[in-house]
Amino acid sequence: MIDISRIRAITLDLDDTLWPIGPTIRRAEAVLQAWLQEHAPATATLCAAPGAIREVRQQMNTERPDLAHDMSALRRESIRVMLVRGGDDPALAEPAFDAFFAERQRVTFYDDALPALAFLSSRYPLVALSNGNADLQRVGIGQHFCAAFSATTLGVGKPDPRMFQVGARAAGAAPEAVLHIGDDAHLDGVGALNAGMQMAWVNRAGHPWEHPAHQPHVTVPELRSLCELLT
């Protein structure tokens with residue numbers, strides 16, 4: 001059980017905690033495909049082939065480990081590779097990525113997300129910690145956060161304890177005085193617990209917890225329940 005009296009700050013995951021990431025990425029990829037169809041049709045045809053994009057992503061993972069924590073750079077470089085394979089101008093990778101990235105920021109919040117952000121940020125310093133590339137200002141929730149860190153900006157991502165430690169420092173609190181909220185049992189849960197934080201697992205889908213050596217301080221089906229607990 002969480003010790004509310006110890007909490008001085010909160011760090012918070014974004015994707016799949018405040019909005020479902022799967023539909024967001026699918027919409028962004030559809031926008032990218034439409035952009036390529038207009039500006040680089042040969043590449044669009046190539047991208048539409050079964051397994052083509054997955055193969056390029058695997059290639060990127062092998063050939064560009066330096067980009068492992070930079071989702072934007074990985075996506076941009078993957079587009080460039082597809083353009084080269086399709087015989088189109090690789091310089092189109094930048095505007096093609098811009099089309100994808102703009103749609104990636106058009107998220108559909110879970111019903112409880114915005115009320116929870118208003119509640120939490122009115123009571124605690126709130127710091128965003130994400131392995132993804134959501135832009136808080138473009139998403140429209142930057143006013144709730146005193147700081148935000150991504151794997152891209154730090155060069156390390158969750159579950160690395162260093163990311164959580166940076167978040168705690170930005171919030172002006174020791175790790176043991178921070179509650180981390182997230183949906184991923186390994187990236188958020190194990191990472192936060194190894195960093196010495198309390199951890200609230202937002203388990204919307206009812207998944208089993210599969211890390212017996214670590215246990216979240218509280219498991220909730222959605223953010224509304226957590227806010228009620230913190231009241």
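1. A pocket here is an open set of points on a 1 Å grid over the protein atoms alone, with protein on both sides within 12 Å along at least five of seven lines, and its lining residues have an atom within 4 Å of a point. This is a predicted model, in which local features need pLDDT of at least 70 and side-chain atom pairs count only at pLDDT 80 or more, while totals for chains, interfaces and linings use all residues. Residues are numbered from 1 along each chain as its sequence is written, and side-chain values use heavy atoms, with hydrogens and water left out.

2. The largest pocket has a volume of about 770 Å³; a volume is the space filled by probe spheres (1.4 Å probe) set on the points, with grid points joined across faces, edges and corners. Its lining is made up of 32 residues, and those nearest the centre are Ile21, Ile25, Met71, Arg75 and Asn133. At least two lining residues come from each of α1 (21-39), α3 (52-63), α4 (71-86), α5 (93-104) and α10 (185-194). Helices (H or I, at least four residues) and strands (E, at least two) are DSSP runs, numbered from the N terminus.

3. By residue class, the lining of the largest pocket holds 14 nonpolar, seven polar and 11 charged residues. In this scheme Ala, Val, Leu, Ile, Met, Phe, Trp, Tyr, Cys and Pro are nonpolar, Asp, Glu, Lys and Arg are charged, and the others, Gly among them, are polar.

4. Asparagine 133, one of the residues nearest the pocket centre, sits in the loop between β2 (126-130) and α7 (136-139). Asparagine 133 is buried, at a relative accessible area of 13%; buried means under 20%, exposed over 50% and partly exposed in between, with a 1.4 Å probe and protein chains only. Its side chain makes a polar contact of 2.6 Å with the side chain of arginine 104. A polar contact is a pair of N or O atoms within 3.5 Å; within protein, one must be able to donate a hydrogen and the other to accept it, and residues adjacent in sequence count only if both atoms are side-chain atoms. Beyond its neighbours within four places in sequence, asparagine 133 is in contact with Met71, Ser72, Phe101, Arg104 and Gln105, where contact means heavy atoms within 4.5 Å.

5. Strand β5 (residues 198-202) has five of its five residues buried, so the strand is largely enclosed by the rest of the structure. Gln198, Ala200 and Val202 point one way from β5, and Met199 and Trp201 point the other way. Strand β4 (residues 178-182) pairs with β5 in the parallel sense over four bridges; pairing requires that DSSP find at least two bridges between two strands.

6. Within β4, isoleucine 181 stands opposite alanine 200 of β5. Isoleucine 181 is buried at 0% relative accessible area. Alanine 128 is 53 residues away from isoleucine 181 in sequence and 9.7 Å away in space, C-alpha to C-alpha.

7. Leucine 179 is also found in strand β4, and counts as buried at 0% relative accessibility. Setting aside neighbours within four places in sequence, leucine 179 touches residues including Ile2, Ile7, Ala9, Gln198 and Leu230. From leucine 179 to glutamate 103 the separation is 76 residues in sequence and 31 Å in space, C-alpha to C-alpha.

8. Glutamine 198 lies in strand β5 and is buried, at 1% relative accessibility. A polar atom of its side chain lies 2.7 Å from the backbone nitrogen of aspartate 3. Contacts of glutamine 198 beyond four places in sequence include Met1, Arg6, Glu176, Leu179 and His217.

9. In helix α9 (residues 161-171), the buried residues include Met163, Phe164, Val166, Gly167, Ala168 and Ala171. The cover over the buried residues of α9 includes β1 (9-12), β2, β3 (147-150), α8 (151-154), β4 and α10.

10. Lysine 158 and proline 159 are joined by a cis peptide bond with omega of about 15°, and proline 159 lies in the loop between α8 and α9. Aspartate 16, although not a glycine, has a positive phi of about 70°. Aspartate 16 belongs to the loop between β1 and α1 and is partly exposed, with a relative accessible area of 28%.
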